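Notebook open. I want to look up the aromatic rings here, their partners and any charges over them.

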Amino acid sequence: MVFESMVSDLLNRFIGDYVENLDKSQLKIGIWGGNVVLENLKVKENALSELDVPFKVKAGQIGKLTLKIPWKNLYNDAVVATLDGLYLLVVPGATVSQLRTCPYNAIKYDAAKEERYQQEAKQKELQRIEEALLMAARREKPQKDEKKDTFAEKLATQVIKNLQVKITSIHIRYEDDILDPQQPLSMGVTLAELSLQTTDENWKSCILNEAARIIYKLGRLECLCAYWNVNSPIFYKGSWEEILEKLKDGISTKDQEIKDYQYIFKPIFASAKMVINPSAEIELKSPKASLHLEVQNVAVEMTRPQYLTMVDLLESIDCMVKNGPYRKFRPDVPVHTNAKHWWKYSMNSILDVHIRRFNQMWSWSNIRKHRLTLKTYRAAYKAKLLTPQGKLREDQEKQIQDLEKSLDVFNITLARQQAQMEVIRSGQKVVAKKAVAGQKQGGGFFSSFFGRKEGKKKEQEQETQEEEGTGIEELMSADEKAKLYTAIGYSGSSHNLALPKQYVSVVVTFKLFRTSITVREEPNVPEILKIQMIDLSTTVSQRPGAQAIKVEAALEHWYVTGLEQQGAVPSLIASVGDSTSSLLSILFEVNPEDSVAEQLLRVHSQPVEIIYDSLTVNSMAEFFKTGKGVDLEVLTSATLSKLEEIKDKTATGLSHIIETRKILDLKIDLKPSYLLVPKSGFYQAKSDLMIIDFGSLQLVSVDQGNPQSLSPSFSSLEEIMDRAYEKYSLELRSVQVLYSKSGEEWKTARQRGSSIQHILQPMDFSLQLAKCMVEKDTRMPRFKVSGELPLLHVKISDQKIQGVLDLVNSIPLPQRDSTPSTPTQKMLCLSEARPDVLGLQSTVLLDALDIGVGRGGSSLDAVFV
């Protein structure tokens, strides 16, 4: 039967590339028997090569993989897939910078092994390119794709109808004693269990029969956590068996949590409920798929040692990536007693990687050799395209493999496409089978679109046959087709109906009841900062008929507390708005139903109270001090690689940008929040306060009309350049500053708008922002800002100035040195710290001064290039 071959190919592809001892013949026999059991599969050392990271697998094993397929009753019995045990120990795969001590415990360089890994990675990349080209070619025939998509969709729905998946005992661990041999680092992720079961409408496990039209799935996630251990025990120095045993024992479960771990993500438990209605798109009464995901608690915690090692690890990875090209020259001897070897290493690295390679690249002999190699490969690949699969001579196959070793991916792909075009233009037929997803055979994707006139009729007949059966359909017998079509409710004439634009096909809801982020100096000491978010909900819905997606998010409560002092835990941020509405709500929609814009964004927030606490702020500043600058070459190179060439934009090019730009309907409405700055930096009920009210903020997009309906008179370059800006309007209302002495009612004064406590009376401010849609054009500023300040009303006196300066002078500022090492020591030190602020002379006396500026209205303009 065709399904055995499909499952065998999938397992070979997704498992065979990562394990060493997979017996493919036994695998196929097991699949045909309906029961596959794979045990103790050893993970390859280069299993992480596709991630492009400088790490290697020191020890890895797949414990037990079981796949039960009821071939005799595939459509009514459950397909069960279980994975029990995945253990990986990862270590640095390359040494770090020459400035660090040369480590010998990392995996040493093996030229033959590295060459084999590079060739394997090259073949995977070539396969990915061939499949991408094939998929791009298939998209050129939408009338056929509709039919194939309908069949594949119905088949997938039937397969997952009674699919049961269970994954248990996952432990992936990274160890590094290169950063600091005295304090080794280990980090890892563990998972106790992840399961997916078929249930009835009451969410009880069952097997669905043929009469069931709605599929219910229940997913559970148990004890997913991540740890980051500083000064950790090291596993990789032990034997392979000892490593695996320690990895198995290091998995936290619901009943037993590993106490020695320094968690950055504490154990997470979640549940998911999915409802699938395969016939929903015909009835149009309910979504085709709805998913409800609930997470009870997500707790994130970080200590200063963890943060410092994270920074060091990023620098170490940068060094390993930078030293990757020179690794094969690096001597395996100490630096101090082998200066000759290390000088030779330095010279060979620079000469071979940079100078000799560049010189050879532009030498005539090298160009000639490369052209000859490329020509030979093109001819060999052309012969492969014209030879039936499996009949290529062994010497020809070896020639192709040898040539691919010397050519890079770009040149191989170029030569293959040239060979395919030569075959098509010559009127010959590519006899190699089309690549099917998951197979590694050569393509011929151009052969479906080009050809000589004399063969046109024959090709049309062939395409007609392909339309009747493509993919796995063409591999099945007539009886298998009939049985499959009946089981999944598919007809050869089935096609996708045009869905109404308002029909919602997929709905995903996510509910997170509690989230906390904690920052500590050391484990088991009071937290410096704790952020709590209560009731975070998100809903994502899709309308395929309009190619629209809608994302709604809401946060009910948000609390931030600081470092405990004087027997109390200070509140830094708290919600003070209306409890009947969410603290923060966000709506983002692509192709919205009730708007002409392509994108819509709405943001609304309730006011919050922010209290400045000097000890918490200073402790956080101390927490993130590293004592050195972080200069990551990876980030720098990634930024530079994104710089585009400067191009001169003509009037025609600007018009095209205006006509094709996406219209954003933006509206941000933030209710007035305020900041309290208490005297001495610690808030008490009777503290002198400075109150900074940020006012309400509104940011809306300015409608410039339909960009695709430009009038014929709209032709001058100046007018086009003016339209090449996205324009927004920003309004700040009721911005005010108050100074309140102990005992004064600042809350009443803040609401009143004018009082003796006011320094700055409520002020309104408006800005017009314009962002250029053309990234690089010296004639057009990137941003334009114009604003208006109707009234600026300031009330000051000598008492207010003296009080404000005393308040500022009383607040401790962060220390430049990092001598305090505990929160208690910091508290004592920071309480004595005072900045040097110029005091007022006692002879300076001011009467109450009331200044009003701009009563008639004033404006300001600015342009930023």
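I started with charges over rings. K784 sits over the face of Y725, 4.5 Å from the ring centre. This is a predicted model, so I treat each distance as a property of the prediction. I then looked up R173. It lies over the face of F235, at 3.8 Å from the ring centre.

Next, ring against ring. How many aromatic pairs are there by the rule? I get a count of 10. One of them is Y307 with F624, an edge-to-face pair. Their centres are 5.0 Å apart and the planes make an angle of 85°.

Where do these two residues lie? I find Y307 in helix 7 (residues 304–323). F624 is in the loop between helix 14 (614–623) and helix 15 (633–641). The pair therefore ties together parts that are 317 residues apart in sequence.

Are the two partners buried or exposed? Y307 has 17% relative accessibility, so I log it as buried. The cut-off for buried is under 20%. F624 has a relative accessible area of 40%, so I log F624 as partly exposed.

I moved on to W342 and Y345. They also form an edge-to-face pair, 5.5 Å centre to centre, with 85° between the planes. Both belong to helix 8 (residues 339–361). They are three residues apart there, which means a separation of about one helical turn. I checked burial for this pair too: W342 is buried, and Y345 is buried.

Last entry, a cluster. Which residues do ring pairs link into it? I note Y227, Y261 and Y263.

How values were computed. Residues numbered from 1 in each chain as written. Predicted model: local features only at pLDDT ≥ 70, side-chain atom pairs only at ≥ 80, totals over all residues. Heavy atoms only, no water. Phe/Tyr/Trp six-rings, centres within 6.5 Å; stacked < 30°, edge-to-face > 60°. Helix = DSSP H or I, 4+ residues; strand = E, 2+ residues; numbered from the N terminus. Buried < 20%, exposed > 50% of the residue type's maximum accessible area, 1.4 Å probe, protein only. Lys NZ or Arg CZ within 6 Å of the ring centre and 35° of its normal.
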